[in-house]
Amino acid sequence: MSKRIEIKNLLEATELDVKVVVKGWVRNYRGNSFVMFAALNDGSSLQNLQVVIDIEKFDAAELKKISVGCSLSVEGTLKASEGKGQRVEVVAETIEVLGIADPEKYPIQPKKHSLEFLRENAHLRFRTNLFGAIMRVRHNMIYAIHTFFTERGFYNIHTPLITGSDCEGAGEMFQVTTLDLNNLPKTEDGKVDYSEDFFGKMTNLTVSGQLEVELACMALSKVYTFGPTFRAENSNTTRHLAEFWMIEPEIAFADINDDMDIAEEFLKYLIQYALDHCREDLEFLQERLIQEEKSKPESERSMPLIEKLQFVLANDFQRLTYTEAIDILKNSKPNQKGQFKYKIEGFGADLQSEHERYLVEKHFKKPVILTGYPKEIKAFYMKQNPDGKTVAAMDILFPGIGEIIGGSEREADFDKLNKRIEELHIPMKDMWWYLDTRRFGAVPHSGFGLGFERLMLFVTGMTNIRDVIPFPRYPKSAEF
RNA sequence: UCCCAAAUAGCUCAGUUGGUUAGAGCAUCUGACUGUUAAUCAGAGGGUCACUGGUUCAAGUCCAGUUUUGGGAGCCA
């Protein structure tokens with residue numbers, strides 16, 4: 001007998017009445033004392049394949065082993081379905097139960113489960129329609145990211161996950177050590193003696209690959225890093241993870257406008273790719289959202305998922321400066337009526353998520369790119385504008401997500417960068433290598449960071465970031 | 001970390017002003033039914049009411065602490 005055929009291919013097959021081998025997991029099992037029906041799924045498609053089992057032809061003890069969650073290998077004939085719910089089905093001739101799933105103990109039922117329950121069973125949640133769809137979309141987005149950059153002459157640089165610099169400034173870090181925590185070597189003044197540690201110094205998991213990818217940029221011109229990043233912030237929200245994946249391109253000879261152009265093109269490319277390659281899964285996700293929002297009043301319901309994605313493609317992102325945004329917010333109704341928790345008084349205010357949401361969801365009603373932030377609220381490496389008070393930073397704000405991309409033109413001038421580092425008292429003794437990019441052949445360059453799971457939230461319409469990554473890591477949670 | 005809410009059967013939930021033996025639907029098990037679509041119908045089993053302590057004649061219900069979960073905030077991607 002031939003090799004197994006993936007269910008996706010069988011469902012699309014035009015040649016019927018042929019012998020096939022199909023393998024997968026039973027999603028549903030029902031019938032009567034004469035004929036049983038097993039809905040089989042192998043992950044190749046959202047759709048299940050119906051396996052028809054004529055009870056007379058099989059050993060009763062073997063059939064008894066079949067239940068929801070078990071794995072089967074089936075040989076049979078692909079036929080036009082006699083029933084109404086599907087085009088084709090496989091009439092089984094031999095069935096082997098590869099692995100049983102005790103129905104008293106298997107937690108995934110053929111019904112809707114709460115996302116909380118599935119998070120507690122994250123090891124099994126892949127076996128649901130929802131997480132199958134999410135993981136297929138996730139894979140397609142990963143592939144599209146590499147395709148986008150490859151097509152444009154970018155090189156993928158693997159930046160280190162273990163870093164010896166402690167001044168990246170992007171958040172709290174997880175320490176990496178092989179020292180015996182119960183018996184730490186100490187220096188004469190009583191501090192931990194890191195010269196005894198594996199790397200001979202204190203090391204952490206990276207919070208960003210940007211500084212390293214800038215080094216490669218100063219030779220390869222167009223580069224990107226796409227890897228996991230780690231933040232030890234104690235943040236418990238639907239938008240933060242302790243371990244998440246970030247895409248950080250860095251482009252030589254590009255200014256802040258080039259940076260915005262490519263960031264917008266990038267996001268639109270990824271959304272278009274999802275629409276072109278994940279249609280069935282997106283339709284499923286859309287339907288799920290519609291069902292979920294049925295309890296809400298009509299005015300609070302959001303645009304259907306696919307329509308929302310198409311809307312983003314069809315419209316230019318609204319570009320404006322931080323100063324212009326402050327003006328809009330200052331004069332906005334909620335600000336004047338005191339409906340904002342943090343009132344906008346004028347230049348210098350850090351925008352809170354309520355303000356970003358107002359701009360994106362109420363005022364412009366589309367994605368917004370904000371530029372020219374006050375230097376005080378942005379990172380040290382951003383290019384200082386001639387006005388002496390703002391930097392060439394840009395944030396892309398998406399509805400429902402908030403900041404999806406943060407980027408900037410980098411300060412290429414050694415003296416200006418060094419002065420900023422001194423002003424902020426950043427400990428740069430371990431960062432001599434970064435400053436060398438400005439000492440030797442510095443060029444204007446720009447880049448940005450896209451939080452991959454935030455993109456996934458937008459594309460899938462999911463609302464909790466813990467549901468768009470296979471194994472979420474967040475405070476008090478590293479079970480699976 | 002802060003604010004608000006919640007934790008009852010495998011799952012989703014109900015449980016009145018504190019008062020006999022804590023309920024339902026789904027799932028599971030048994031049976032019925034010749035093609036089902038989250039099949040249907042009948043019956044059965046299934047509970048340390050998150051944990052610890054307190055108030056009370058009496059606590060799933062009230063109080064305190066702890067843990068976990070959800071929503072929001074901060075930090076950010």
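Domain bounds here come from an automatic or database domain assignment. On that basis, chain A of this predicted model splits into domain 1 (7-99) and domain 2 (127-172 + 207-317 + 366-467). Residues are numbered from 1 along each chain as its sequence is written, chains are lettered from A in the order in which they are written, and side-chain values use heavy atoms, with hydrogens and water left out. Local features need pLDDT of at least 70 and side-chain atom pairs count only at pLDDT 80 or more, while totals for chains, interfaces and linings use all residues.

The C-alpha centres of domain 1 and domain 2 sit 44 Å apart. Where the two meet, 7 residues of domain 1 are in contact (heavy atoms within 4.5 Å) with 8 residues of domain 2. Between them the domains bury about 640 Å², buried area being the accessible area (1.4 Å probe) that two parts lose on being put together, summed over both. Carbon and sulfur atoms account for 41% of that area.

Searching the whole structure gives 24 salt bridges. One of them joins Arg138 to Glu453, with the closest N and O atoms 3.0 Å apart. This pair ties together distant parts of the chain, 315 residues apart: Arg138 belongs to helix H4 (residues 129-151) and Glu453 to helix H14 (residues 452-460). Helices (H or I, at least four residues) and strands (E, at least two) are DSSP runs, numbered from the N terminus. Both Arg138 and Glu453 are buried; buried means under 20% relative accessible area, exposed over 50%, and partly exposed in between (1.4 Å probe, protein chains only).

Lys378 and Asp395 also pair up, at 3.0 Å from N to O. Lys378 lies in the loop between strand E13 (368-374) and strand E14 (390-398), and Asp395 in strand E14, 17 residues apart. Asp395 is buried, at 4% relative accessible area.

Within helix H7 (residues 279-292), Glu283 and Arg279 are 4 residues apart, so about one helical turn separates them. Their side chains form a salt bridge of 3.6 Å, N to O. Glu283 is partly exposed at 41% relative accessible area, and Arg279 is partly exposed at 35%. Elsewhere, a network of salt bridges links Asp261, Glu264, Lys268, Asp316 and Arg319.

Notes:
A salt bridge is a side-chain nitrogen of Lys or Arg within 4 Å of a carboxyl oxygen of Asp or Glu.
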